[in-house]
Amino acid sequence: MRIGLLGTGPWADMAHAPALAGHDDLDFAGVWGRRPDAAEELAKRHGTRAYADVDALLADVEAVAVALPPAVQADLAVRAARAGCHLLLDKPLAATVARGRAVVEAVRAADVASVVFFTTRFQPETEAWITEQAAGDGWFTARAQWLGAVFGGGDSPFADSPWRREKGALWDVGPHALSVLLPVLGDARRVAAAAPGPGDTVHLVLDHTGGASSTLTLSLTAPPAAAGATVELRGRAGVTLLPETTEGPVPALRRAADALLAAAGGGRPHPCDAAFGLRVTEMVAEGGGVLTGGA
């Protein structure tokens, strides 16, 4: 499958471009970015072509991977779907529920495949754990802590990200936590409570259709020594923790590309398709509404 890359920032550089270039079943056909010089540089490093016109790239490929801010991603995803391209998207799907819904509608209308890259869902140890816990029942409560140090004094390559500064941890790492909890505990009927913490930290309480409740603590301003992700489930079977993994994003992205290839080839839609990405966006937006007193 011929695939193009939309985006030239740190995430495109460290994850998407190496994953696409190193995938045996993908022809990495080209790169488009909002900064033509960055597109030229990234394309040169990976032996592919830089496109000055995004529509020209869409016309030359069967799929695109998107590594752009959510507001930009949503509009280009709609454009790409209408051009007949399958979509390998990043989280969050969009910066608003309305734009996320537009992506889902475009995907359905064009009958293209979509996969949203929630990193934990494409790492073997963590995905196996999620599948195992989802097959059980009797969960009583869950606790998720997703603490990043992007703005916590470290040297993160994402520290200058305007959309992360605007949207904060709720929109950046909140989708990761929800991508683990929702398949295990069931959809969230509502965000029962939300409260701010230090920096951009947010605490959420969710009521799930399976009968359990969960608490989420999300931050991009944790001290570097305190950063990390933990998910704990408690129920009739006892207590279980999301396993740790040291695998980087590139192998996980290659598996996400495998999932897109399978879905595009007539297989079942992947559980992390655009529709799931929209549901996650809806929950994040609801949490933001509760936090500001708008819901």
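Helices, as counted here, are DSSP runs of H or I with at least four residues, and strands are runs of E with at least two, both numbered from the N terminus. In this predicted model, the protein chain has ten helices and twelve strands by that count. Its radius of gyration is 19 Å, close to the 19 Å that the globule rule gives for 295 residues, so the protein chain is as compact as a globular protein of that length.

The following table gathers some values for the whole chain.

| Property of the protein chain | Value |
|---|---|
| Box filled by the C-alpha atoms, along the principal axes | roughly 50 × 45 × 35 Å |
| Distance between the mean positions of the 25 positive and 33 negative charges | 4 Å |

When contacts between residues at least 6 apart in sequence are considered, 70% of them join residues at least 24 apart.

Helix α5, which covers residues 97–110, has 14 residues and reaches 20 Å from its first C-alpha to its last, close to the 20 Å expected at 1.5 Å a residue. The buried residues of α5 are G100, A102, V103, V104, A106 and V107, and what covers them includes the helices α4 (70–82) and α10 (274–291) as well as the strands β5 (86–90) and β6 (114–117). Just after α5, D111 takes a positive phi of about 55 degrees.

Conventions: Residues numbered from 1 in each chain as written. Predicted model: local features only at pLDDT ≥ 70, side-chain atom pairs only at ≥ 80, totals over all residues. Heavy atoms only, no water. Rg over C-alpha atoms; globule rule 2.2 N^0.38 Å. Contact = heavy atoms within 4.5 Å. Lys, Arg positive; Asp, Glu negative; His and termini not counted. Charge placed at Lys NZ, Arg CZ, Asp CG, Glu CD. Expected span 1.5 Å × (residues − 1). Buried < 20%, exposed > 50% of the residue type's maximum accessible area, 1.4 Å probe, protein only.
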